[in-house]
Amino acid sequence: VDRRQRQMCIRDRHIRDRLAMGWSPEQISGRLRQEGSEHAISHESIYRYIYRPKIRPEKLHRYLARAKTSRGQRYFKRRREPIRNRRTIHDRPEAAENRQQFGHWEGDLIGGSKNSYIATLVERHSRYVMLVKVANKDTESVVTALIKSAQKLPRELYKSLTWDRGKELADHPRFTLATDVDVYFCDPQSPWQRGSNENTNRLLRQYLPRGTDLSVHSQAKLSTIARQLNERPRKTLQYQTPAEMFAECVASTG
């Protein structure tokens with residue numbers, strides 16, 4: 001019992017320290033799993049710990065992004081079947097991880113009303129954005145649309161694709177076979193592993209508000225929105241634009 005209590009104290013201290021550093025419960029949980037820690041814990045358990053009555057006097061909730069004093073009950077869907085033959089983000093080449101090489105993309109779907117979806121793609125080195133109209137969320141529709149989009153780029157500009165755990169890319173072998181682009185999948189509940197894509201999705205809501213029907217937008221309209229984002233100077237690029245960096249990369253490929 002004493003050993004178990006010591007372990008719980010170590011885990012609790014670790015959670016408090018990381019919360020104070022500004023880490024979210026998802027980031028704490030994901031990092032513990034990545035490190036193979038014996039103190040691994042789900043992000044929902046961390047939330048329950050934060051809002052546990054006897055913990056509240058410490059006001060750990062103040063470290064959360066929204067700093068809510070209470071949290072509603074969460075409902076969970078049945079666990080999904082894992083995607084077969086998937087390669088994890090930890091298998092991704094170092095060139096993709098350090099952003100030094102052009103051609104490594106992050107992708108996701110954003111949803112709207114009436115079961116409408118758009119695929120968003122962001123290149124990690126330049127933050128260049130592509131938006132792809134998809135007919136539906138099923139894997140056949142999404143993979144077909146991504147293949148068509150990828151084939152518009154020279155092979156040198158599309159080396160890998162990192163996606164979340166969504167079943168819409170369950171048919172990833174067909175994508176790789178058609179494009180010769182390797183696909184890597186993030187850890188569960190770890191959207192921060194696709195940080196560039198997540199940030200871009202938030203920017204896109206200026207043009208594609210939540211709760212609206214995304215199917216009304218043509219591919220030409222989506223390309224116009226992407227061009228506007230790509231022509232914005234970015235602080236992280238020393239105020240170059242993604243479009244300028246993309247053009248430099250295209251020119252370097254000859």
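Helix α2 meets helix α3 through P25, E26, I28 and S29 on one side and H43, I46, Y47 and I50 on the other. Contact here means heavy atoms within 4.5 Å. Five residues of this contact are nonpolar, two are polar and one is charged. In this scheme Ala, Val, Leu, Ile, Met, Phe, Trp, Tyr, Cys and Pro count as nonpolar, Asp, Glu, Lys and Arg as charged, and the others, Gly among them, as polar. The model is a predicted one, in which local features need pLDDT of at least 70 and side-chain atom pairs pLDDT 80 or more, while totals for chains, interfaces and linings use all residues. Residues are numbered from 1 along each chain as its sequence is written, and side-chain values use heavy atoms, without hydrogens and water.

Two packed helices are described by the angle between their axes and the distance between the axes. Helix α2 spans residues 25-34 and helix α3 residues 43-50. Their axes come within 8 Å and cross at roughly 130°. Axes are lines fitted to C-alpha atoms, for helices over the stretch in contact, with angles from 0 to 180 degrees between N-to-C directions. The two helices are therefore oblique. Angles under 35 degrees count as roughly parallel, over 145 as roughly antiparallel, 65 to 115 as roughly perpendicular and the rest as oblique.

S29 lies in helix α2. Its relative accessibility is 1%, so S29 counts as buried. Buried means under 20% relative accessible area, exposed over 50%, and partly exposed in between (1.4 Å probe, protein chains only). Leaving out residues up to four places away in sequence, S29 touches I41, S42, H43 and I46.

P188 sits in the loop between β5 (182-185) and α7 (195-204). P188 has 28% relative accessibility and so counts as partly exposed. Beyond its neighbours within four places in sequence, P188 contacts R33 and R165.

The chain as a whole has nine helices and five strands. Helices (H or I, at least four residues) and strands (E, at least two) are DSSP runs, numbered from the N terminus. Their order from the N terminus is α-α-α-α-β-β-β-α-β-α-β-α-α-α. Of the 254 residues, 41% are buried. Among contacts with a separation of 6 or more, 60% join residues 24 or more positions apart.
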